[in-house]
Amino acid sequence: VHARLERGARYHQALIASGCGEHEQHTLLELQGEQASARSAAVLFAAGSKLEHHLKVRHSAARTRSAVDSLAVVSQAARVVVDVHGRIDPGSADAEVHQRLSALPSNEAASGKSRVVLRPHLEILHDQVEARHGATWGKLPEDALFYASQRGLAPHAARAMIIEGMANATLARSFDPHERDLCGIGALLAAA
């Protein structure tokens, strides 16, 4: 995917990947006009598969905004790469860049059978900007699993419910409820 956004243009992208042996997604978003904005949300379910999501966002004008949010759930010796590169060119005053990459392992993934690479990257060539990025890799919160089990849920059902909630939150940060309904994102996520 290659998109060039002019003044005031908006671009929103949702990626839900599951059930495949291998998937590679490359996206280049060029924010060339003032007040252009782009949002990308990805939920990757990698069970014994290889998934790669590469995203570049280039801010070339003032008051541009971008947000990238990605959640990978890995199991069964999966291989996942999430590589996000944000660049703010000189002259791009008041640009905003946000990158949030997360991954959750299954028990076997935690023991080293799966491989996850999360690469948030910022290249900032202007002083007057707002930029955040981060990557987290970790297990589901033990307290959330405990509370779910206290309400009679089996461990597998509790884990699935918590992951579905996290996936919905990832997509909700990029799409308002009307957009999610219009695109059928809830149904796609449930099927994945």
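Biologist: In which strand is serine 102 found?

Modeller: This is a predicted model, in which local features need pLDDT of at least 70, side-chain atom pairs count only at pLDDT 80 or more, and totals for chains, interfaces and linings use all residues. Residues are numbered from 1 along each chain as its sequence is written, and side-chain values use heavy atoms, with hydrogens and water left out. Strands (E, at least two residues) and helices (H or I, at least four) are DSSP runs numbered from the N terminus. On that basis, serine 102 lies in strand E8.

Biologist: Does serine 102 count as buried or exposed?

Modeller: Buried means under 20% relative accessible area, exposed over 50%, and partly exposed in between, with a 1.4 Å probe and protein chains only. Serine 102 has 17% relative accessibility, so the residue counts as buried.

Biologist: Leaving aside neighbours within four places in sequence, with which residues is serine 102 in contact?

Modeller: Contact means heavy atoms within 4.5 Å. With neighbours within four places in sequence set aside, the partners of serine 102 are Ser70, Leu71, Ala72, Leu118 and Thr136.

Biologist: Which element gives the most to the lining of the largest pocket?

Modeller: A pocket is an open set of points on a 1 Å grid over the protein atoms alone, where a 1.4 Å probe fits, with protein on both sides within 12 Å along at least five of seven lines; lining residues have an atom within 4 Å of a point. The largest pocket has 19 lining residues, with Phe45, Val73, Ala160, Ile163 and Ala192 nearest its centre. Two or more lining residues come from each of strand E4 (37-47), strand E6 (65-75), helix H3 (155-172) and helix H5 (185-191). With six residues, the element that gives the most is H3.

Biologist: How many residues in the lining of the second largest pocket are charged?

Modeller: Asp, Glu, Lys and Arg count as charged; Ala, Val, Leu, Ile, Met, Phe, Trp, Tyr, Cys and Pro as nonpolar; and the others, Gly among them, as polar. Besides three nonpolar and six polar residues, the lining of the second largest pocket has charged residues numbering seven.

Biologist: What kind of aromatic pair do phenylalanine 146 and tyrosine 147 form?

Modeller: Rings of Phe, Tyr and Trp (its six-membered ring) pair if their centres lie within 6.5 Å; planes under 30 degrees apart count as stacked, over 60 as edge-to-face and the rest as tilted. A search of the whole structure finds one aromatic pair. Phenylalanine 146 and tyrosine 147 lie 5.7 Å apart centre to centre with 65° between the planes, an arrangement that is edge-to-face.
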